[in-house]
Every structure is written in structure tokens, then in C-alpha cells.
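Please read the following note alongside the sequence and the model.

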Amino acid sequence: MSEYLAAGLVSEQDVSRNIIAFLQDFFSTYTIMLCLPLILFSLDVKKWLGHVRSAMGSLLIGLFAVILMIFMGYWLFKDSITEIWKVSGLLVGVYTGGTPNMAAIKTALDVPQELYILTHTYEMTLGAIYLIFIFSVGQRVLLWVLPPYKSSNKKESEKTAKSLQEEYESYTGLFKKEIFRPLMVAFVISGAILGVSFLISKLFSDEFSDAVTVIGVTTFGIGLSFVPKIRKIKKTFQLGMYLILIFCIAVSSMADISKLANISISLFYYVGLAMFGSLILHVAIARIFKIDADTVIISGSALICSPPFVPVVASALKNREVILTGIFVGIAGYAIGNYLGVIIAYILK
């Protein structure tokens, strides 16, 4: 490179751009692939199924509502949104798991950067409106049509809820030797999972290789969560969420505002339909099955906003008992979001 600079064939500005572009691409691609297994390692399938069976109904209803709205929006806007099948996959991912799934599906479907950023921007904007509704009058409004929450064992439930909040929110002690060393082992395992998934993807055509990598990373992450020694490594969830923050910074730095203005406003309506349409449908079906208002709110928030928002929403509801349900729905969404997003995208394609 120094020879090209000396000869005047390449400017220092071009070199800087190339280095920055490489770093942006590296961090936006590999951080999300590394974070998924770390998040999934903390998933205790047997524990969830044994203690939160009541959440299964709300989870299934929530997934059905999201998918139905995605299909409806696809047929409404298919002529006005470029590559809408990819957008559909992104929305399925973000409204079943969250940003990690959306980012992974972006890689799997090779979504253009500007389209991804705009979709994510609209999703965050409407998500803020959704949270304002939940934090202010959401519970009172839903109590008009849904029954109130009934506590079974309040003391035990609140104890479990407090433990879960500490497990998934606290970064305290992250750099202590007894936590940091096993955590680095988990990080290396996550890297090995990415490497193996990448090698497996080479057995498929280029069109499907990225999707295979994402599905492989997800599958291996869930599979290794059944290994007690890996599942019990502390702070894997927090390390995964930290990598997501790095991803968000990398992606945001790649935005080209001038190109965003050319994308149709129909995309905004599609995102709005997916978010608020699925909420309304979720409530309507929950009324038929007599699911209480707090369970519906915490389940919908876990799907739409992801697990980190669960304790905050539970606090707004003044009901810490539902944290367990919300965490279950959110983590389950992380686990299945990539599968659903990729599958539905290719069905619509």
C-alpha cells in the first residue's frame, strides 16, 4: 500500500475509507454472529417448560399474530416496497426475538444496508410509541377487555422474578477472575460455533450460504445450552448484549442519509401494521382464551421490544411476578426468531 501512496495512485483518504469500510463490515457481521450463541447459552429449556407453561399460550398467540400481520402487510405493500420479502424476514425476526435476530436475518438474506437501517429506524420510532402507551395507559386500556392478573404464590414468584432480573440485567463482577475466565471460554466456543457453521454453509449454494450460517449458529447455540457446564457460565447473556451494542454502533456509522430519502413511506406503514396490528390481534385472541392483561402486555413487550425491556415493563405494571413469563417469551423468541424469519422470507419470495 505504501508503494501506491508514494506513486500517487492511492490517496491517504482512500486508504482511510477502505480501512473504515473493512472495520464496519467486520464488526457489523461478526459481532452479531458471535452474540447469538452467547445469548442462547443461558437458555434452560427444561426449566422454562417446567415453570412457565402458562406463558406458552401467550407466546404461541403472539407468534401467530405477528406472522399473520406480516403476511397481510406483504400482500398490501408488495408493489410499493423494494425487496419486501427481505423486509418481511427482518420484521418477523425483530418481533419474535429482537435486534439480534433482525441483524442475523439481515446477514442471512443479504439485505441492503440502507433498507435495513430505515426498517430498523422505523421499528425503533414506533417501538418508542408502543412503550409510551404501555408505560402510561396500556394496562388500564387492556383491562377493559381482558381479565386482571391473579397471583398464585406471590412471595415465591417475586423471589424468582428478582433472581431473574439480577441474572439478565446485572453486569456486576464481570471482570472478576472466577467469572471472566469461564466467560472467555464461552466466547471461544461461540467463535468455534461460527467457524463450524461457516464451513457447513460452504456445502450450499451462495444464495443460501448466509442463511445456513445463521441457522447453524442458532442451532448449535441452543444445542449447547443443554450442556450444564456451558449453561451455568455466568454473564454470557450480558456479554452477548454488549456485542449487540458494538454491532449497533457499526451499523449506524454506515448510514447514508441521502439514500434513505428515496425509499417509499409504505415501509413505515408496513412496520406499523406489523407492530400494532399484531398487538391488537394478540389482545383479541387473548380475550377468547381469557388470558390476563398483564401476561399479554409482558409477552407482547418481550416479543416486540426484546427481553431487556421485560423488567422495566413489569415495573410499570407494578407486577414483578410476570418477569418470569416475559423472560421466557423473550428468550424463546431469540431461539426461534432466526428460523421463522428466514423461512417466511423465502416463502414470500
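1. Glu-83 counts as partly exposed because its relative accessibility is 29%, where partly exposed covers the range between buried (under 20% relative accessible area) and exposed (over 50%), computed with a 1.4 Å probe and with protein chains only. Glu-83 forms a salt bridge with Lys-86, and the closest N and O atoms of the pair are 2.9 Å apart; a salt bridge here is a side-chain nitrogen of Lys or Arg within 4 Å of a carboxyl oxygen of Asp or Glu. Lys-86, at 8% relative accessibility, therefore counts as buried. By this rule the count comes to one salt bridge.

2. This is a predicted model, in which local features need pLDDT of at least 70 and side-chain atom pairs count only at pLDDT 80 or more, while totals for chains, interfaces and linings use all residues. Residues are numbered from 1 along each chain as its sequence is written, and side-chain values use heavy atoms, with hydrogens and water left out.

3. Glu-83 is not a glycine, yet it has a positive phi of about 50 degrees, and it is found in the loop between helix H4 (53–77) and helix H5 (84–94). Helices (H or I, at least four residues) and strands (E, at least two) are DSSP runs, numbered from the N terminus.

4. Asp-110 is likewise a residue other than glycine with a positive phi, in this case about 55 degrees. Asp-110 has its place in the loop between helix H6 (99–109) and helix H7 (113–142), and it counts as exposed because its relative accessibility is 56%.

5. Leaving aside residues up to four places away in sequence, Thr-96 touches Leu-63, Leu-303, Gly-333, Tyr-334, Gly-337 and Leu-340, contact meaning heavy atoms within 4.5 Å.

6. Helix H9 (residues 177–201) has 25 residues and reaches 36 Å from its first C-alpha to its last, close to the 36 Å expected at 1.5 Å a residue; the expected span is 1.5 Å times one less than the number of residues. Among the buried residues of H9 are Ile-179, Leu-183, Ala-186 and Ser-190.

7. In helix H2 (residues 12–41) lies Ile-19, which counts as partly exposed because its relative accessibility is 47%. Ile-19 forms a nonpolar surface patch with Phe-22, Leu-23, Phe-26, Phe-27 and Tyr-30, and together these residues have about 570 Å² of accessible area. Patches are made of residues with over 30% relative accessible area and no salt bridge, nonpolar side chains (Val, Leu, Ile, Met, Phe, Trp, Tyr) being joined within 5 Å and like charges within 9 Å.

8. For the whole protein chain, there are 17 helices and zero strands, and 51% of the 349 residues count as buried. Residues 24 or more positions apart account for 84% of the contacts with a separation of 6 or more.

Technical notes:
Areas by Shrake-Rupley, 256 points an atom, 1.4 Å probe, with all protein chains shown as cover.
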